[in-house]
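Here are a few notes to go with your first look at this one. Keep the viewer open while you read.

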Amino acid sequence: MERDKSSKPPKRAGPAKKRQRKSNIAKTALGAEPEKRVRNKAAPMRGEAQPRALKVNVKTSKDRELSSTLWLRRQLNDPYVRRAKAEGWRSRSAYKLLELDEKFGLLKPRARVVDLGSAPGGWLQVSVKATGKKGHVVGIDYLNMPAVPGAGILEMDFLDEGAPERLKQMLGGKADLVLSDMAAPTTGHKSTDLLRIVALAEAALDFAEDVLAPGGAFVCKVFAGGAEGELLNRLKQNFDFVKHAKPKASRSGSAEKYVVAMGFKGRG
Ligand SMILES: C[S@@+](CC[C@H](N)C(=O)[O-])C[C@H]1O[C@@H](n2cnc3c(N)ncnc32)[C@H](O)[C@@H]1O
């Protein structure tokens with residue numbers, strides 16, 4: 001993970017708090033099942049060696065496309081998918097936010113958090129759990145998802161006119177953290193897909209700059225080769241600290257990574 005040389009870490013948050021956050025996270029998230037609150041003894045704790053699971057082989061079938069077979073095979077053999085199921089997280093993505101939080105100390109008790117592209121709700125669960133009863137968590141997705149206790153959910157396209165305003169109303173105050181794990185469906189046309197990725201990230205940053213409190217943080221999924229130069233320039237200008245991160249839970253073959261910007265200074 002490479003530190004951006006042109007920007008300084010903020011004084012109040014960042015890797016310096018890593019040790020303190022680590023113990024907190026182990027207790028609040030990974031040791032207990034989030035929805036049933038029962039520790040699954042079969043699920044390894046962070047750092048423990050994971051028992052080797054039997055590999056599931058999914059055969060190709062004439063009723064199923066090859067891409068679906070490969071997806072199913074990958075899901076069934078993915079340790080994070082199995083672990084998320086055992087520990088009660090809605091998605092394997094929950095581990096990406098847990099890792100980012102452990103590294104950067106993003107989620108604080110009582111914080112106001114906005115989660116853009118929140119279905120099926122893993123990041124919402126993590127945010128609710130970490131911010132506690134006095135936290136305020138809202139999410140948006142155009143896909144329907146079951147309620148996440150403790151979070152407000154807006155079922156709407158974030159790019160629709162009026163969506164940012166509705167989210168702001170639900171938030172009821174300035175945000176401490178804006179998360180975006182949004183990913184537009186791919187078209188197969190590379191340059192179109194890249195443009196859509198950048199457009200989504202820029203819309204997320206526009207929103208973040210509008211709602212973040214001074215000192216707030218922004219986390220956004222981006223893709224390697226996604227021409228995020230302009231986005232990075234804005235982040236460096238408006239935040240104290242900007243860094244890229246690729247959590248272990250993010251598939252190594254995937255071009256996805258996250259940009260983490262902390263210490264919001266206001267729109268430059
Ligand atoms: C990778 S998933 C998010 C997973 C989520 N972080 C979790 O932990 O469960 C990306 C989500 O972004 C949503 N999304 C993409 N573009 C969007 C848009 N314009 N408005 C709202 N949601 C969007 C998709 O519907 C999808 O559910």
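1. A handy place to start is G105: this residue follows α4 and has a positive phi, near 60°. Bear in mind as you go that the model is predicted.

2. Now step back into the helix itself, α4, which spans residues 94–104. Is α4 mostly covered or mostly open? Mostly covered: of its 11 residues, nine are buried. The buried set takes in A94, Y95, L97, L98, L100 and F104, and also K96, D101 and E102.

3. Next, look at how α4 sits against α5. In general, a packed pair of helices is described by the distance between the axes and the angle between them. Here the axes come within 7 Å and cross at roughly 40°. The two helices, α4 and α5, are therefore oblique to each other, and their crossing is right-handed.

4. Which residues make that contact? From α4 there are A94, L97, L98 and D101, and they meet G122, W123, Q125, V126 and A130 of α5. Sorted by class, the contact has six nonpolar residues, two polar ones and one charged.

5. Last, the ligand. There are 22 residues around it, and the ones that come nearest are S91, S93, G117, G122 and F158. Two elements give two or more residues to this shell: α5 (122–131) and β2 (136–141). By class, the shell divides into 12 nonpolar, six polar and four charged residues. Do take a second look at G122, which is among the residues nearest the ligand and also takes part in the contact between α4 and α5.

Terms used: Residues are numbered from 1 along each chain as its sequence is written. This is a predicted model: local features need pLDDT of at least 70, side-chain atom pairs count only at pLDDT 80 or more; totals for chains, interfaces and linings use all residues. A residue is near a molecule or strand if its C-beta atom, placed from the backbone, lies within 6 Å of it. Helices (H or I, at least four residues) and strands (E, at least two) are DSSP runs, numbered from the N terminus. Ala, Val, Leu, Ile, Met, Phe, Trp, Tyr, Cys and Pro count as nonpolar, Asp, Glu, Lys and Arg as charged, and the others, Gly among them, as polar. Axes are lines fitted to C-alpha atoms, for helices over the stretch in contact, and angles run from 0 to 180 degrees between N-to-C directions. Angles under 35 degrees count as roughly parallel, over 145 as roughly antiparallel, 65 to 115 as roughly perpendicular and the rest as oblique. A crossing is left-handed if the near helix is turned anticlockwise from the far one by less than a right angle, and right-handed if clockwise. Two residues are in contact if their C-beta atoms, placed from the backbone, lie within 7 Å. A residue is buried if 20 or more other C-beta atoms lie within 10 Å of its own, exposed if 12 or fewer, and partly exposed in between; C-beta atoms are placed from the backbone.
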